[in-house]
Amino acid sequence: MTGTSLVLLGPPGAGKGTQAARLEAASGFPHVATGDMLRMARSAGTPLGDRAKAYMDRGDLVPDDVIIGLIEERLSEDDAMKGVILDGFPRNPAQAKELDRLMETMGRELPLAVHIKVSREEVLARLTGRLVCERCQEAYHVMTRPPKTIGVCDKCGGRLVTRSDDSPETVRHRLQVYEEMTAPLIVYYGDLGRLREVDGERPVDDVARELLEAIS
Ligand code: ADP
Ligand code: AMP
């Protein structure tokens with residue numbers, strides 16, 4: 001990987017977090033997931049976490065000013081200087097424009113986006129069986145990627161939980177929000193010549209290989 005930051009695009013359940021963790025291990029670039037950052041703020045009971053709670057529980061986007069403040073701070077940290085793997089950000093055109101503006105101000109290369117393509121049926125099946133580690137956020141699936149010990153993370157021994165927004169009703173709303181607000185980013189990055197696409201319905205290792213090829 002070069003010094004260019006990556007934006008992972010795709011609906012909830014496309015495998016962005018799963019692939020970002022692998023890319024982080026392969027490249028040394030930090031995995032920056034705004035959803036994980038917000039969940040951490042919530043469990044720490046910070047004012048930002050409290051403000052985000054109602055939006056997240058409904059499956060709506062948290063206001064841009066909250067997210068942009070969070071990302072600006074994260075991009076200024078030392079380990080983010082070489083480049084980052086963005087998962088869950090940007091989520092709408094205003095956030096994408098702000099990201100480019102921030103990168104330009106910081107004198108960094110503009111990010112490349114990769115669209116992980118997955119059908120609606122597949123994401124519904126994935127999200128309704130998803131389990132996540134509450135400590136390190138690693139994703140599992142009750143059927144397709146069960147942990148070695150029930151309820152325990154293979155990587156860090158943390159407790160595995162079902163995300164409260166992975167209920168069938170909230171998932172449907174999140175997919176609608178994705179189509180309306182986030183899917184236009186595929187056109188946004190495509191028009192700028194900064195988009196690659198990968199087939200996200202293949203096994204995790206195959207998607208990871210395709211992703212590395214797409215960005216190399
Ligand atoms: P996102 O971060 O895009 O919401 P996750 O990485 O959390 O998605 O993956 C959602 C669910 O799908 C998890 O249960 C994960 O284990 C599973 N999953 C991820 N990639 C694949 C894949 N290529 N094939 C099958 N299941 C996958
Ligand atoms: P995720 O873990 O990416 O599925 O995000 C979980 C929830 O966090 C979303 O449904 C939103 O409520 C909120 N969220 C995460 N990232 C963003 C973002 N970039 N903009 C607005 N809301 C976000």
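Cys133 has Leu160 of strand 7 as its bridge partner. This is a predicted model, in which local features need pLDDT of at least 70, side-chain atom pairs count only at pLDDT 80 or more, and totals for chains, interfaces and linings use all residues. Residues are numbered from 1 along each chain as its sequence is written, chains are lettered from A and ligands numbered from 1 in the order in which they are written, and side-chain values use heavy atoms, with hydrogens and water left out.

Strand 5 (residues 130–133) pairs with strand 7 in the antiparallel sense, over two bridges. Strands here are DSSP runs of E with at least two residues, and helices are runs of H or I with at least four, numbered from the N terminus; two strands pair if DSSP finds at least two bridges between them. An open antiparallel sheet of three strands has the order 6-5-7. Strand 6 (139–141) and strand 7 (160–161) are its edge strands, each pairing on one side only.

The loop between strand 6 and strand 7 holds Gly151. Gly151 counts as partly exposed because its relative accessibility is 29%; buried means under 20% relative accessible area, exposed over 50%, and partly exposed in between (1.4 Å probe, protein chains only). Beyond its neighbours within four places in sequence, Gly151 is in contact with Gly158, Arg159 and Leu160, where contact means heavy atoms within 4.5 Å. Leu131 is 20 residues from Gly151 in sequence, and their C-alpha atoms are 8.6 Å apart.

Strand 1 (residues 6–9) has other partners. Strand 3 (residues 85–87) runs parallel to strand 1 and is joined to it by three bridges, with Leu86 as the bridge partner of Val7. Four bridges pair strand 1 with strand 4 (residues 112–117), again in the parallel sense, and here His115 is the bridge partner of Leu9. Both faces of strand 1 are covered, with Leu6 and Leu8 buried on one side and Val7 and Leu9 buried on the other.

Ligand 1 has 18 residues around it, of which Lys16, Thr18, Arg130, Tyr140 and Arg202 come nearest; a residue is near if one of its heavy atoms lies within 4 Å. Helix 1 (16–27) and strand 6 each supply at least two residues of this shell. A polar side-chain atom of Arg130 lies 2.7 Å from an oxygen atom of ligand 1, and a polar backbone atom of Gly15 is 3.0 Å from an oxygen atom of the ligand. The protein covers 91% of the 570 Å² of accessible area that ligand 1 has on its own, by the Shrake-Rupley method with a 1.4 Å probe.

Terms used
A polar contact is a pair of N or O atoms within 3.5 Å; within protein, one must be able to donate a hydrogen and the other to accept it, and residues adjacent in sequence count only if both atoms are side-chain atoms.
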